[in-house]
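The structure is shown first.

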Protein chains: 2
Amino acid sequence: MCFSEYFPVFYVLSPKDQSMLASRTALRQIKKGTMLHRSGEDCLGLLLIRSGQLRAFISSPEGKEITVYRLFERDVCLFSASCIMKNIQFDLFITAEKDTEAWLIPLDVYQDLSARYAAVANYTNELMGARFTEVMWLMEQILFQSFDQRLASFLLEESAIEGAFTLSLTHEKIASHLGTAREVVTRMLRYFQSEGAVRLSRGAIEIADEKKLLDISLRR
Amino acid sequence: MCFSEYFPVFYVLSPKDQSMLASRTALRQIKKGTMLHRSGEDCLGLLLIRSGQLRAFISSPEGKEITVYRLFERDVCLFSASCIMKNIQFDLFITAEKDTEAWLIPLDVYQDLSARYAAVANYTNELMGARFTEVMWLMEQILFQSFDQRLASFLLEESAIEGAFTLSLTHEKIASHLGTAREVVTRMLRYFQSEGAVRLSRGAIEIADEKKLLDISLRR
């Protein structure tokens, strides 16, 4: 699989710009746990994910975190180039949740192409629109859903991502995804266990009844 | 003041496109209370606000609302054209909070210009970036601030918008801005009154001590 398949506007470019872009784009190996972006500090460029998993989150001054979205294979990490986008002024952190392989388009290259090709600028719009939609979805979850629904949805999503019913997740980590305190997570998980939806053990959560968890996530 | 001053990329266009745009753009009078946009139903076009005030909000299936942002003179209402933007898939409502006068650029015109001019597409990026930043700010408020801080900030902001210390606002209305229940607002306002920060009367809230309100909004 080559780079052009991950960058849908590649063939819009002139042959000259295609070779320029191809020669300036590099495949990067990113170790799990690497902090890729810390608003206002790093501005790496556009990352096109070939494999792996990134996590974007915001953090309070006291260190409370909440996961805003995740990026997987074939997703593009736009906000690692946020410094070239006018009006984007918020503190977003991006880390590698798994070992990740990604093509990096340098800032100056992407900025140059955006200025010259309407198709590239519109592609940025599409990417931003996708992230905007995810953020609005999250906002609705936070505002309009109860915590039991959010936690049930989160466990089902994790299970789908990992392709497994047993999740190696600490309560602390779940709290950081959902923007709450560890105690709140522990209390709700114990309630889920008493309902037979999950089974808890040291450092792991097993989904015992997927249907029951789905019912919780959907109830009003 | 003419239209071109409200649309910064106007002079990037060819003379022919300038006249086309000018001839297709119409000044609209929008009465206070008008629902301008209901996701998935209306798709009006780009609105450039000459005077007045718009409010964008989301709503739960049960009708609970929260104000996401507001638009004032010289702001551009992008999401009233959301149907032409790929990947924007969330339910946003936009209403006129005051009598509003705005230039309307029809959908097909804006779509055509975005496809042909990188500058127009990049301008859409800027607009989306500005709204994205406001939404992320709101998310941080909801997640990381306590309700007394949010309410104090809201009252100060309203006072700045209206240029007055007495605000004609029901507790119900404030609840719809902040995404909470009326009782929660009433309780907190009474607490503010007992602290001497506000004075409450039927249908109105008077800011009695701006400094005190500011202190509340900033404390951690």
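The text below treats the symmetry, the interface and the sheets in turn.

The model is predicted: local features need pLDDT of at least 70, side-chain atom pairs count only at pLDDT 80 or more, and totals for chains, interfaces and linings use all residues. Residues are numbered from 1 along each chain as its sequence is written, and chains are lettered from A and ligands numbered from 1 in the order in which they are written.

**Symmetry**

Two copies of a chain are related by a rotation about an axis and a shift along it.

**Interface**

Contact involves 34 residues of chain A and 34 residues of chain B (two residues are in contact if their C-beta atoms, placed from the backbone, lie within 7 Å). On the chain A side, helix H2 (107–116) and helix H3 (118–144) are the elements that give two or more residues; helices (H or I, at least four residues) and strands (E, at least two) are DSSP runs, numbered from the N terminus. H3(A) supplies the largest share, 19 residues. The composition of this side by class is tabulated below.

| Class | Members of the class | Residues on the side of chain A that touches chain B |
|---|---|---|
| Nonpolar | Ala, Val, Leu, Ile, Met, Phe, Trp, Tyr, Cys, Pro | 19 residues |
| Polar | the others, Gly among them | ten residues |

**Sheets**

In chain B, four strands form an open antiparallel sheet in the order S1-S8-S3-S6 (two strands pair if DSSP finds at least two bridges between them). Strands S1 (26–30) and S6 (76–77) of chain B are at the edges with a single partner strand each, so one side of each has no neighbour in the sheet. Strand S3 (residues 45–51) of chain B is joined to strand S8 (residues 100–106) of chain B by six bridges, and Ser51(B) stands opposite Glu101(B) in S8(B).

In chain A, the open sheet of four strands also has the order S1-S8-S3-S6, with antiparallel pairing. Five bridges join S1(A) to S8(A), where Arg28(A) stands opposite Ala102(A). H2(A) packs on this sheet, touching S3 and S8 of chain A, and its direction makes about 60 degrees with that of S8(A) (axes are lines fitted to C-alpha atoms, for helices over the stretch in contact, and angles run from 0 to 180 degrees between N-to-C directions).
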